[in-house]
Amino acid sequence: MSIGRWDGAMLAALEEARAALATDDVPIGAVVLDPSGTPVGRGRNVREADHDPTGHAEVVALREAARARGEWRLDGHTLVVTLEPCTMCAGAAVLARVGRVVFGAWDPKAGAVGSLWDVVRDRRLNHRPEVVAGVLADESAALLEEFFAGHR
């Protein structure tokens, strides 16, 4: 198996996703990379742990990256997440001005980066990040399938 450009960052996001299992949160993880490729934000789902409906991995990672940068604009940064972002998280990526969204598994039920909606490429918005889909998709999907199999 060849190592793709985004595999290392996705492995870090998968590590975050696995950590969400400790609080019975859906195992989704995210990492924000600065323009040089250095991780500056990490996040995992914390909706259950923090009783926070906005506690999605992407939002947590974007907030940490913005604090590290000292401003909300994340121009040139890359958001790497194990599952296709929902409408809230896709909107947050657009509003944060990230340059790229990289994700693993598609989410046909709630995905907003090409599946159900395509928020990040909506021409009516003032910013449209590049999208890279399917990075370590099987690994990301397997983690979610295993989690939900245990909750049915």
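This is a predicted model: local features need pLDDT of at least 70, side-chain atom pairs count only at pLDDT 80 or more; totals for chains, interfaces and linings use all residues.
Trainee: Where do I begin with charged side chains? How many salt bridges does a search of the whole structure find?

Mentor: Six salt bridges turn up. The criterion is a side-chain nitrogen of Lys or Arg within 4 Å of a carboxyl oxygen of Asp or Glu. Take Glu-16 and Arg-42 as a case: their side chains meet at 3.9 Å, N to O. That distance falls inside the cut-off, so the pair counts.

Trainee: Which parts of the chain does that pair tie together?

Mentor: Glu-16 sits in helix H1, residues 7-20, and Arg-42 sits in strand S2, residues 39-44. The two parts are 26 residues apart in sequence, so the bridge ties helix to strand.

Trainee: Is Glu-16 buried or exposed? And what about Arg-42?

Mentor: Glu-16 is buried, because its relative accessibility is 9% and the limit for buried is under 20%. Arg-42 has 31%, so Arg-42 counts as partly exposed.

Trainee: Which other residue forms a salt bridge with Glu-16?

Mentor: Arg-44 does, at 3.1 Å, N to O. This pair also links distant parts of the chain: Arg-44 is in strand S2 and Glu-16 in helix H1, 28 residues apart. Arg-44 is partly exposed at 31% relative accessibility.

Trainee: What is the distance between the closest N and O atoms of Glu-71 and Arg-69?

Mentor: The closest N and O atoms of that salt bridge are 3.7 Å apart. Both partners are partly exposed: Glu-71 has a relative accessible area of 35%, and Arg-69 has a relative accessibility of 40%. Now look for shared partners.

Trainee: How do I find the buried face of a helix?

Mentor: An α-helix has 3.6 residues a turn, so residues three or four places apart point the same way. Apply that to H5. Its buried residues are Ala-137, Ser-140, Leu-143, Leu-144 and Phe-147. They span an arc of only 140° around the axis, so they lie on the same side of H5. The other side of H5 carries exposed residues: Asp-138, Glu-145, Glu-146 and Ala-149.

Trainee: What do the buried residues of H5 pack against?

Mentor: They pack against H1, strand S3 (78-83) and S4. Look at H1 in particular. The axes of H1 and H5 come within 11 Å and cross at roughly 5°. Angles under 35 degrees count as roughly parallel, so H1 is roughly parallel to H5. H1 contributes Met-10, Leu-14, Ala-17 and Arg-18 to the contact, and H5 contributes Glu-139, Ser-140 and Leu-143.

Trainee: Which residues of H1 are buried, and what do they pack against?

Mentor: The buried residues of H1 are Asp-7, Ala-9, Met-10, Ala-12, Ala-13, Leu-14, Glu-16, Ala-17 and Ala-20. Glu-16, the salt-bridge partner of Arg-44, is among them. Their packing partners are strand S1 (29-33), S2, S3, S4 and H5.

Trainee: And which residues of H4 are buried?

Mentor: Cys-89, Ala-90, Gly-91, Ala-93 and Val-94. The buried residues of H4 pack against helix H3 (57-69), S3 and S4.

Trainee: Where is Leu-136 found, and what is its phi?

Mentor: Leu-136 lies in the loop between strand S5 (130-133) and helix H5 (137-149). Its phi is positive, about 50°, although Leu-136 is not a glycine.

Trainee: Is Leu-136 buried or exposed?

Mentor: Leu-136 is buried, with a relative accessible area of 11%.

Note on methods: Residues are numbered from 1 along each chain as its sequence is written. Side-chain values use heavy atoms; hydrogens and water are left out. Helices (H or I, at least four residues) and strands (E, at least two) are DSSP runs, numbered from the N terminus. Buried means under 20% relative accessible area, exposed over 50%, partly exposed in between (1.4 Å probe, protein chains only). The arc is that of the directions from the helix axis to the C-beta atoms. Contact means heavy atoms within 4.5 Å. Axes are lines fitted to C-alpha atoms, for helices over the stretch in contact, and angles run from 0 to 180 degrees between N-to-C directions. Angles under 35 degrees count as roughly parallel, over 145 as roughly antiparallel, 65 to 115 as roughly perpendicular and the rest as oblique.
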